[in-house]
Structures are given as C-alpha cells and as structure tokens.
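Colleague: I have not looked at this one before. Can you take me through it piece by piece?

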Amino acid sequence: RHQRLRGLLMQGFTPAHLQRFASLIEDRLDGLLQGLPEGEPVEFLGRVCGRLPGLVILALLGIPVDEQERMRGWTDDIYAWMGHFPGTLLDRTRRALAAMDGLTTRLRAYREEVKAAPRNDLLSVWVHAEQEGKFLDEAELIANLIGLVNAGQETTGCLLANGLLRLLQFPEAMNHLRQTPEAIPTAVDEMLRYDAPAQFVARRVITPTTLEGVDLEPGTLIAVGLGSANRDEAVFDHPDTFDVTRHPNPHLSFGHGRHFCIGNTLARLEASILFRTVLQRFPSISPAWRGACPEWRPTLSFRCPASLPLVVSSTSGSPSHP
C-alpha cells in the first residue's frame, strides 16, 4: 500500500514538474521581501523563512491567496500541539482538533472542485493520478495533503532559518556563495547536514535485529537520530565543520530508501531560490541577536532557532543597529 500511495503522490513531485513553479516561488518570496524594513532589526524567521514554505505549498495546490492566511492559521495550530508554543496542552489540543476539522472540510471541497474541473496545480495532479487503474481515495488524499502541508511547511522553514544562521556565523561561506551563486545547491545540502530540520524519525523493528550489542525484538519502536547520523565521523571528514563546498554529501536529513522524503526537490528548490535572492538583494546582512547564537526552539522534534532577528540593507556597508 505504501508503494502504491508513494507512486501516485510522486506524480506531482517530479523535478521536471516542480521546476515549472520556480517563478511562483520567486513571486511569493518577492512579496515577503518587499515589505521588510532596512537598517533596523526585523524578525526574519517569522516574516520570511517561516512564511514562504506555507505560501508556496498552498499556491502549488491551487488554493487562492485570500484563503492562504486562514489555512496557514490551521497548520500553525496543528504544530502548536507538538509543544514548542505557549499555552496549556488542553488548549493546544482543542485548537489542533479544530484546525484538523477546518483543513479536512476545506480540502474535501477543493477535491470535489478539481475532480469535476481539473486545473494546472498539484491538487489536480493527485486527484486524477492513476496507476494501474487505481486512484487515491478521499481518505488517502486528505491525510497525505494534511501531512504534506504541515511537514513541508515546518521542515523547510527550519532549513531556511538554519541556513541563514550558519551563513552569518561563517561569513567566508556567505562570501563564497555571493561570488559563486551556482554553488548554492551544494551549500543547501550542507545546511541540511549540519542542522537536520527533523532531528529524529520513528521506525518499528520488523525482524530480530542487533545494533551495537543491543537486541531489538520485532515490534520495538525506535527513534533514529538523523542529526547524529549527519555528524558520523566514519562517513564525513571533519563532520563538525560547516563546509558549503562539501561533496559528496550523503546526509540523511530527507531519510533513506523507501521512506525518502518525496518533497525533497521542492525543499531544495525553495532554499536555493531564497538564498540566491536574499544574497543578491541584500549586500549587507547582519545578526541582531545578543550573544553568539539566538535561542533554539525548546523541542527535540525540529531543529530551528526560536527567532532570527536580522538587519538587512540593499546598499553595501554595515547598517547600524542595536
């Protein structure tokens, strides 16, 4: 069943298909950057990195701009349930359940619309995706749409914020990418390796296995540390060094094998466009946080700063700021 679902969903996530949407990503990013104040601290995570992935995935699904803020509010409430937002667990649970109801109802309505009249968007691709006479039924489609909208939004936002943070901490890497923008895709893979957005994935043991002297019986649930694997000395030379020219770079931030993230091409495309655009648009970018690094989110699920205050300027030179 997993192979069937994956095969149907991949019809909308092929590199050739997604490349057609590069201009849409650039347009959404331009809209976010246009309103940024220059020469004073701006919360880049909340205003750009955290917003772009949601705007992009909803636009790719064909959801109108005037509905995107409401949809984003629902996805924010679902992620708030995971614990790195304020409020009691009971309050977050109520909001998350209401958000799931809202998302489900609205996505079902969109499914019926494109089922009757296909459009040029990902939702239409998936509603009409066919493999050996089989289609995604409503429950399968809605469940995977909610997963894609939520997971793609959160992890890609973390990638964008983490990458900017490291470029500011390692200015030689930022200078290299300014001078050779064609190297940005390679740098994105290093950003993914150095700070895996999703730090863990869960797996269930299906056959008796022994790892490092530990016997694992079938049915055992284990957490695989992707962030740790990406710093494995047996695989990476100088694993704690941030090297934007690192190649090859067999990191596991998108998983591996049959569970390899189907949204990896979209995440890489968004990241490449953002870093190319931001570095070209703002010759001057500097941190506006106190200390060596901003605070990280208090969660083991995702690696991402809690905020990313920056000072940007479209003119060269270091802007003054507190």
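Modeller: Let's start with helix α3, residues 22-34. It has 13 residues and reaches 18 Å from its first C-alpha to its last, close to the 18 Å expected at 1.5 Å a residue. Keep in mind that this is a predicted model.

Colleague: Which residues of α3 are buried?

Modeller: A22, L24, I25, R28, L29, L32 and L33.

Colleague: And what do those buried residues pack against?

Modeller: They pack against α2 (15-19), α4, α5, α6 and α13.

Colleague: Before we go on, what is the mean pLDDT of the protein?

Modeller: The mean is 91, and 97% of the residues reach 70 or more.

Colleague: Where is confidence lowest, and where is it highest?

Modeller: It is lowest in helix α6, residues 65-80, with a mean of 85. The highest value is 98, in helix α11, residues 184-194.

Colleague: Now α9. How many residues does it have, and how far does it reach?

Modeller: Helix α9 covers residues 138-169, which is 32 residues. From first C-alpha to last it reaches 46 Å, close to the 46 Å expected at 1.5 Å a residue.

Colleague: How many of the α9 residues are buried?

Modeller: 23 of the 32 are buried, so α9 is largely enclosed by the rest of the structure.

Colleague: What caps its N-terminal end?

Modeller: D137 does. A side-chain oxygen of D137 lies 3.2 Å from the backbone nitrogen of A139.

Colleague: Pick a residue inside α9. Is E140 buried or exposed?

Modeller: E140 is found in helix α9. It has a relative accessible area of 6%, so it counts as buried.

Colleague: What is E140 in contact with?

Modeller: Leaving aside neighbours within four places in sequence, E140 is in contact with R1, R4, L5 and F135. With R4 there is also a polar contact of 2.4 Å between the side chains.

Colleague: On to the nonpolar core. Which residues touch the most other members?

Modeller: The largest nonpolar core has 87 residues, and F44, W126, L164, L274, F275, L308 and L310 touch the most other members. The largest share of this core comes from α9, with 14 residues.

Colleague: Take L310 from that list. What does L310 touch?

Modeller: Not counting residues up to four places away in sequence, L310 touches E40, P41, V42, F44, L164, L168, I285, S286, P287, A288 and W289. Two of these, F44 and L164, are also named among the core residues that touch the most other members.

Colleague: Changing topic. How many salt bridges does a search of the whole structure find?

Modeller: The search finds 23. One of them joins the side chains of E69 and R51, at 2.5 Å from N to O.

Colleague: Where do E69 and R51 lie?

Modeller: E69 lies in helix α6, and R51 in the loop between α4 (44-49) and α5 (52-60), so the pair ties together parts that are 18 residues apart in sequence. Both ends are partly exposed: E69 has 43% relative accessibility, and R51 has 22%.

Colleague: What about D189 and R268?

Modeller: Their side chains meet in a salt bridge too, at 2.8 Å from N to O. D189 lies in helix α11 and R268 in helix α13 (residues 264-281), so this pair ties together parts that are 79 residues apart in sequence. D189 counts as buried, at 17% relative accessibility, while R268 counts as partly exposed, at 25%.

Colleague: Which residues do salt bridges with shared partners join into one network?

Modeller: R108, R111, E112 and E138. Within that group, R111 and E112 meet at 2.9 Å, N to O. R111 is buried at 10%, and E112 is partly exposed at 41%.

Colleague: Last one. Where does T315 lie, and what does T315 touch?

Modeller: T315 lies in the segment after β7 (309-313). Not counting residues up to four places away in sequence, T315 touches P283 and S284. The T315 side chain also makes a polar contact of 3.0 Å with the side chain of S313.

Colleague: How far is T315 from G31, back in α3?

Modeller: Their C-alpha atoms are separated by 19 Å, and the two residues are 284 residues apart along the chain.

Conventions. Residues are numbered from 1 along each chain as its sequence is written. This is a predicted model: local features need pLDDT of at least 70, side-chain atom pairs count only at pLDDT 80 or more; totals for chains, interfaces and linings use all residues. Side-chain values use heavy atoms; hydrogens and water are left out. Helices (H or I, at least four residues) and strands (E, at least two) are DSSP runs, numbered from the N terminus. The expected span of a helix is 1.5 Å times one less than its number of residues. Buried means under 20% relative accessible area, exposed over 50%, partly exposed in between (1.4 Å probe, protein chains only). A polar contact is a pair of N or O atoms within 3.5 Å; within protein, one must be able to donate a hydrogen and the other to accept it, and residues adjacent in sequence count only if both atoms are side-chain atoms. A nonpolar core is a set of buried Ala, Val, Leu, Ile, Met, Phe, Trp, Tyr and Cys residues joined through side-chain atoms within 4.5 Å. Contact means heavy atoms within 4.5 Å. pLDDT is the predictor's confidence in each residue, from 0 to 100. A salt bridge is a side-chain nitrogen of Lys or Arg within 4 Å of a carboxyl oxygen of Asp or Glu.
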